[in-house]
Amino acid sequence: MANGPQWAPLEIDPAGAGAEATPDGLARHLRGLADLEGLLTREKALVFRGFGIGPGELDPVLDLLLPNRLAYVHGNSPRTKVGENVYTSTEYPPKYTISMHNEMSYAHRWPARLAFYCERAPETGGATPVVDGTRWLDALDPEVRDAFAGGVRYNQNLHDGLGLGKSWQDTFETGDRADVEAYLKESQAEWEWRPDGGLRVSQLRPATVRHPVTGDEVWFNQADQWHAAGLGDETAAALAKIMPPEDLPQSVAYADGSPIPPEHVVQVRDRGLAAAVDVDWRAGDLLLIDNVLVGHGRRPFTGPRRVLVAMSD
């Protein structure tokens, strides 16, 4: 298990930043930082709180935090696009926990940074837990780490507009098969167009990666979210019992195609959540994370909750 003091994001408020408690005050503070990238790499996650950011002031701040916002192409979670490459956070029923993960770690390209913005805080719960990826890796039993050493194979069945899960058009934000094939070719994925118009995709990805600056090795895969044993959603879990893995909207195996034992998946999920630190939301808060060094999730909540997310390379 990980040793040393518990890690937590660095909280930056107007007093600590020596700035006005306004969105313009935050923008001036960000422009005055000599090395935002270096600060984020050292701290791994930053919380900007107390600057009164409303939805109308969000874009200018995001432009400073994420200068090259990315579209959510090949994303597997349900979201709604609400602005210029700004999306709702995963639209998953509020009674469920979303386990820890690094955004799009199953894809050949993943965002380097994520920014979360709280437009409306929930009545209760709804924190975004964040976990230091080195601690998550250290928390796993050696036999689990060894079993994943060869990597992970992710499999997707994307329908043509009617069916379970997401369509390939929504997933890739295009209706052009040629664009999809170009993306998949670049990602070194295997794919097959189905007779019903759907698309089957298989991708081999690492289970851990090293941060390009720090060299830290971190747990970096979403096996527990793609495996039936890791599902908290009763409907999805029931579906997994009556359908073979190869027909599910998404499934996962070890690199050689052999099944991942349920107990390995449950350990990954539960120890990631146990090692996490909760970021409780107040309206106007912004959370910036290094998407390689830090995993994130969501706690259950009650009442309306609106958290938006954007990402950049």
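What share of the contacts in the protein with a separation of 6 or more comes from residues 24 or more positions apart? The share is 80%, where contact means heavy atoms within 4.5 Å. The model is predicted, so local features need pLDDT of at least 70 and side-chain atom pairs count only at pLDDT 80 or more, while totals for chains, interfaces and linings use all residues. Residues are numbered from 1 along each chain as its sequence is written, and side-chain values use heavy atoms, without hydrogens and water.

The protein has 11 helices and 19 strands. These are DSSP runs numbered from the N terminus (helices: H or I, at least four residues; strands: E, at least two). The radius of gyration is 19 Å, close to the 20 Å of the globule rule for 313 residues, so the protein is as compact as a globular protein of that length. The radius is taken over C-alpha atoms, and the rule is 2.2 Å times the number of residues to the power 0.38. The C-alpha trace spans about 60 × 45 × 40 Å along its principal axes.

Of the 313 residues, 52% count as buried (under 20% relative accessible area, 1.4 Å probe, protein chains only). Strand β8 (residues 128-132) is largely enclosed by the rest of the structure, because five of its five residues are buried. Thr128, Val130 and Asp132 point one way from β8, and Pro129 and Val131 the other way.

Strand β8 pairs on the criterion of at least two DSSP bridges. Three bridges join β8 to antiparallel β15 (residues 277-279). There, valine 130 stands opposite valine 277. Three bridges also join β8 to β17 (residues 294-298), again antiparallel. Valine 131 has glycine 295 of β17 as its bridge partner.

Definitions and conventions:
Buried means under 20% relative accessible area, exposed over 50%, partly exposed in between (1.4 Å probe, protein chains only).
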